[in-house]
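Q: Could we go through this model together, beginning with the terms and then moving on to particular sites?

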Amino acid sequence: MTSPRLILGSHNKLLEIDLTKKAFTTVSISNEERKLYLGGKGLAIYYLYKKMDLSCDPLGEDNIIAIFGGVMVGTGAPNSSRFAAVTKSPLTGLIVSSSCGGSFAFFLKSVGYDGVIIKGQAKEPTYLSITENGVSFNSASKIWGKDIFETQELLEAKNKGNLVIGPAGENRVLYANVASGHRFFGRGGIGAVFGAKNLKAIVVEKGSFRIKPKKEKKYMKIKRKAIKYINRNEYTSDLYRNYGTNAGFRICNEKKILPVRNFTKGMSEKASELYGERLKSEFYKKYSSCRNCAILCGHKGMFNGKLIQAPEYETTSLFGSNLEIYDAEKIAEWNEICSRLGLDTISISVTLAYAIEANEKNLFSFPLKFGSPEGVSEILYDIAYRKGIGEELALGTKRLAEKYGGKGFAMNIKGLEFSGYDPRGCWGQGLSYSVANRGACHLSASLFTLEAFFNFLKGESKRAKAQFVYYMENLFSAINSLQLCIFTSYAFMLEAPIAKYPPKIFLKIFISYFPRITQKVLDISIYSKLFETVTGIKQSSRDFLKAGERIHILERYMNTLIGVSRIDDTLPERFLNEGRESDKKKKVVPLEEMQEKYYKIRGYSRNGVPTAKVMKKLGIEEGFQPKPKRIKERIVSLVFTILGRAMKTLSTIDSNIKQEIRSWPTNFKILFNVDNYETSLGLLKNKKGVLNPQKIPEKQADLVITFRTIDAAFELMTAQKGIHHAYASNAIKVKGDTQIAMSLIRCLNITETYLFPRIIAKRIMRKIPTINLMKRYIVRIYLYLFSIPFNI
Amino acid sequence: MKEYFEFQNKTKILAGKKALENLPSEFDNFRVKRPIILTDRGVNKAGLVDKVIKACGGADVIFPAIIDDIPQDSSTEEVNKIAEIYNEKKCDGIIAIGGGSVIDTAKGVNILVSEKGKDLKEFAGAERLKRPLRPLFVIPTTAGTGSEVTAVAVIKDDKSATKMLFTSRYLMPDVAVIDPRMTITLPAYITALTAMDALTHAIEAYTCLQKNLFSDVYAWKAIELISKNIVELVKNGKDKERRLEMAIAATMAGVAFSNSMVGLVHSLGHAAGAVAKIPHGVAMNIFLPHVLKFNYEEIKEELKELLLPLAGEEIYVKTEEKERARKFIEKIEELQERLNELIKLPKTLKEAGVKEEQLEEIAEKAINDGSLTLNPKDVTKEEALRILMKAYE
Ligand code: SF4
């Protein structure tokens with residue numbers, strides 16, 4: 001090895017590798033980009049936004065994998081070895097970012113690079129070796145087909161940086177992962193993207209570059225503080241360090257948010273078998289964590305007489321309680337098999353749960369049973385090698401449910417399977433799942449920690465949830481770009497004096513009732529100071545959070561360009577309509593309202609697309625965007641209110657309307673809305689046959705009448721045009737029963753006859769309903785004096 | 001009657017008052033989120049781009065770039081430049097606001113960005129495109145060329161200084177928006193010239209070899225609407241009703257000739273444009289009656305019929321059957337006269353600034369023009385020259 005070469009601050013160099021051409025080049029990052037997107041996940045997303053055709057086939061040649069470390073890699077700061085991979089996911093078709101704690105990024109930096117970009121597609125199975133002198137493209141014919149541990153051994157990867165896929169990745173199982181040592185890019189099928197590129201592995205030899213923070217003295221001070229906080233915080237120094245992420249098992253069971261029997265129960269009597277406390281006392285033998293970790297949540301344990309990696313909470317809960325198998329040794333064994341084959345334990349176990357339930361419901365023939373470990377190991381191999389039924393299971397829950405039915409219990413969002421927190425007991429987590437960029441991911445905002453772990457927010461409440469999903473998403477995006485392990489946030493946030501010293505009840509009240517103020521005063525400055533002292537680029541806590549927001553929004557925006565919109569931001573029916581067995585009140589997640597608020601805070605349009613305004617504010621890009629027509633919207637919304645109240649009254653006093661309504665089913669829900677605008681009028685036919693104006697989410701409406709433009713709605717609502725005219729000029733779309741729609745139009749005409757003078761009515765109606773003059777006047781006066789102003 | 005023919009118009013047409021306001025729902029239909037706007041200075045200065053953007057209020061789109069310096073003649077250099085911006089800004093659709101050159105430029109850009117090509121020349125000629133292109137929304141600001149519905153584009157190659165012709169069904173725009181607000185500010189002279197262009201499209205579509213029953217219907221109605229509105233609009237351009245009808249007529253004429261092609265008027269017009277730089281519409285206006293006379297024997301039955309939409313029922317009925325074709329040409333000449341009186345629209349090549357010694361070259365070019373193929377009568381160079389002489393003074 002040559003004598004050490006010093007990198008002062010951040011190196012700002014990326015290695016771009018083209019597998020098709022077997023070529024590589026170096027790309028530089030500017031300080032400006034560094035400040036805006038930090039590194040890790042952020043810069044990787046930014047890079048893909050610039051360079052990738054978002055419409056590409058995830059398993060095709062045009063997909064790009066960006067694997068970037070952050071500025072902390074190699075500084076020796078606590079939990080600083082983590083790095084991110086971003087690509088287009090074959091499982092979701094959307095952008096997926098994943099974080100890993102192996103030593104790949106550390107080695108990569110030692111040869112002078114912050115990240116690698118993989119483009120193209122190799123013709124033959126290939127593995128790459130990276131040294132200070134560049135990249136060599138080697139045939140992987142001898143290691144293709146080997147499992148992850150064997151491959152690592154054959155490549156003598158122990159003391160090298162490495163990224164390796166197993167058979168699942170080679171065979172393009174849509175949720176195949178990528179290993180770096182014994183840590184993984186777990187989610188979203190990045191391993192399948194490697195496989196599709198014929199890329200078996202990347203190894204990096206140790207190089208001679210070393211990092212020296214720009215402001216070293218200050219940096220050392222911050223680092224010491226960071227370690228002090230970690231060693232003092234209950235979660236990082238005790239619960240996670242001792243029990244690993246399985247510390248959450250007991251908590252989740254007690255809070256009834258444990259996934260049990262494909263998310264139907266919320267808790268289990270037998271759960272204590274899998275509590276972290278038990279795993280520690282019976283199995284854990286030593287730490288086995290990410291590189292440079294000061295928290296040490298990872299463990300190795302003696303299971304079945306073998307010292308192997310202990311499963312994480314997601315694995316124990318989803319292979320365990322969710323399949324009703326409370327056998328830690330079995331779960332550890334499956335975990336080990338998944339690690340070898342390269343399967344994401346979350347997606348696969350949730351897919352098994354779906355298949356078992358689908359079999360119970362006679363939708364899909366599947367031999368496994370809840371509560372029985374029989375056949376699980378075998379099926380893991382079948383999936384990785386895509387044999388027999390494994391061929392289909394390799395596609396994940398979304399595709400299975402599309403083919404066989406049972407979407408309501410196919411536990412995924414946007415194609416990504418759920419992790420182990422039942423949102424019916426932590427509504428904020430439900431919101432977070434629904435809007436998370438990569439799908440049903442618990443790490444996007446981890447609201448369950450605030451709701452169930454720290455008890456800052458009441459789980460079954462909507463209060464402050466939108467605000468904290470927003471805040472935590474920003475914070476986590478920033479931390480994942482710095483990049484440190486997000487578990488440091490427990491210590492850094494909660495051990496700072498502002499959160500540590502006031503009585504907890506104070507904090508609780510503030511968080512719940514003054515969320516935005518609380519967010520302003522919460523101290524997360526360790527992160528921004530680490531960035532600043534290493535790079536020498538000025539950064540306040542606000543800048544740091546804003547960078548997180550920028551990264552989150554850009555990722556969302558990319559997804560909307562691919563096709564995500566509001567309808568995709570949802571939860572499986574099970575969480576919206578079915579109560580848990582353990583909950584007498586059978587509560588479900590009231591998603592709509594929280595989501596509406598969240599969209600507003602985020603600066604999303606009604607359809608869930610980031611507006612040009614927010615993109616500009618965050619410095620993502622400048623673009624022209626037409627301004628919404630707010631005045632017209634207000635007027636339309638006012639007339640909606642008037643119409644709603646008038647129809648309510650008339651549905652009790654006008655015999656013609658009553659008769660019309662009689663033919664509609666009880667609980668029939670009608671919705672008038674306007675494309676691209678928020679305003680709407682919902683009408684519900686209640687048991688007494690009265691039409692009640694109320695908010696109705698589009699998904700729940702039986703009949704939807706949509707105005708294509710706000711201008712058309714305005715013309716109709718201000719009686720410049722009649723409904724027939726609007727229909728003839730394609731201004732309205734009707735979704736639902738046309739017979740009831742016709743009946744509704746007749747009701748509208750009658751209502752308008754009461755509301756408007758004859759001269760207007762004549763203009764907008766083909767034929768005016770005959771109503772006795774006296775009655776017309778009396779009712780009109782009643783409507784305008786009582787019904788409309790006072791809603792009586 | 002012809003034994004077999006084809007007819008296609010895939011372009012969705014949004015026409016009428018407030019037509020622009022419906023654009024957002026078309027963006028949704030085509031899943032377009034980042035359309036680039038292409039236009040020219042004049043259109044932008046007249047505030048028409050703002051009108052379009054404003055009308056789209058509330059839509060989930062961002063316009064990453066507005067290119068407003070497209071020159072009169074669409075050229076490869078311009079197309080390359082815009083395609084680069086399109087890619088760099090990750091656009092996913094094109095909105096063309098303008099006349100023929102803007103629309104043709106947009107079509108050229110669309111070829112490059114959709115085929116991921118580098119050189120437009122590779123795609124020149126007939127049916128060289130292999131797959132559907134990116135969504136193209138066209139908002140014409142002149143009522144003339146009909147490019148908003150046609151499957152062709154003409155783009156100048158800067159290197160060889162020749163015009164390249166592109167034809168492919170994939171070039172047909174996806175949506176055309178005909179909104180009277182877009183043509184209301186058009187000056188009288190341009191109004192007349194573009195209307196004559198459209199009228200020529202319709203008449204040639206109805207009289208040339210590839211005509212068919214579908215294109216006939218479009219051509220017929222176009223002639224009726226143009227004839228009804230042209231003079232009045234030249235006198236008073238602020239009449240929204242007429243503007244709309246004229247714009248619709250131009251689009252109809254576009255649909256007609258896109259399917260049945262054009263003939264000798266266009267051959268001469270293209271040649272005169274290339275040699276003497278006279279505007280297309282002016283050339284159409286000058287050559288139309290001369291060509292009708294030249295083709296007379298072959299097309300008199302069609303002209304007889306067309307007297308009805310051109311001159312109205314009364315004149316049609318009053319004119320004796322065998323006189324109707326002549327009457328048709330007479331009426332065209334009358335119109336020519338009228339426009340000349342009102343706004344000095346040139347009636348002769350001389351008035352249009354063509355030099356006598358250029359006629360030879362024009363004739364030469366004209367007989368090699370592709371559109372001659374479908375003219376009902378063959379034309380020799382001498383015949384072409386004779387027509388040109390007649391049109392000269
Ligand atoms: S706390 Fe756990 S996940 Fe985080 S860096 Fe340490 S071992 Fe890795």
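A: Helices (H or I, at least four residues) and strands (E, at least two) are DSSP runs, numbered from the N terminus. The model is predicted, with local features requiring pLDDT of at least 70, side-chain atom pairs counted only at pLDDT 80 or more, and totals for chains, interfaces and linings using all residues. Residues are numbered from 1 along each chain as its sequence is written, chains are lettered from A and ligands numbered from 1 in the order in which they are written, and side-chain values use heavy atoms, with hydrogens and water left out.

Q: Where does K256(A) lie?
A: K256(A) is in the loop between helix 9 (247–254) and helix 10 (276–282) of chain A. Its phi is positive, about 60°, although K256(A) is not a glycine.

Q: Which residues does the cis peptide bond join?
A: That bond joins L482(A) and Q483(A), with omega about 0°. Q483(A) belongs to the loop between helix 19 (465–482) and helix 20 (488–494) of chain A.

Q: Turning to the interface, how many residues of chain A are in contact with chain B?
A: There are 31 residues of chain A in contact with 27 residues of chain B, where contact means heavy atoms within 4.5 Å. The area buried between the two chains is about 2,300 Å², and carbon and sulfur atoms give 47% of it. Buried area is the accessible area (1.4 Å probe) that two parts lose on being put together, summed over both.

Q: Which three residues supply 28% of the area that chain A buries against chain B?
A: They are F624(A), P626(A) and R708(A), which supply more than any other three residues.

Q: How many salt bridges are there between chain A and chain B?
A: The count is 4, a salt bridge being a side-chain nitrogen of Lys or Arg within 4 Å of a carboxyl oxygen of Asp or Glu. Over all chains, the structure holds 82 salt bridges. D53(A) forms one with K116(B), the closest N and O atoms being 3.4 Å apart.

Q: Why does that pair join two chains?
A: K116(B) lies in the loop between helix 5 (100–115) and strand 5 (125–126) of chain B, and D53(A) in the loop between helix 2 and strand 4 (65–69) of chain A, so the pair joins two chains.

Q: And which residues are around the ligand?
A: Among them are N79(A), R82(A), R183(A), C290(A), C293(A), C297(A) and C485(A); a residue counts as near if one of its heavy atoms lies within 4 Å. The shell divides into 6 nonpolar, 3 polar and 2 charged residues. Ala, Val, Leu, Ile, Met, Phe, Trp, Tyr, Cys and Pro count as nonpolar, Asp, Glu, Lys and Arg as charged, and the others, Gly among them, as polar.
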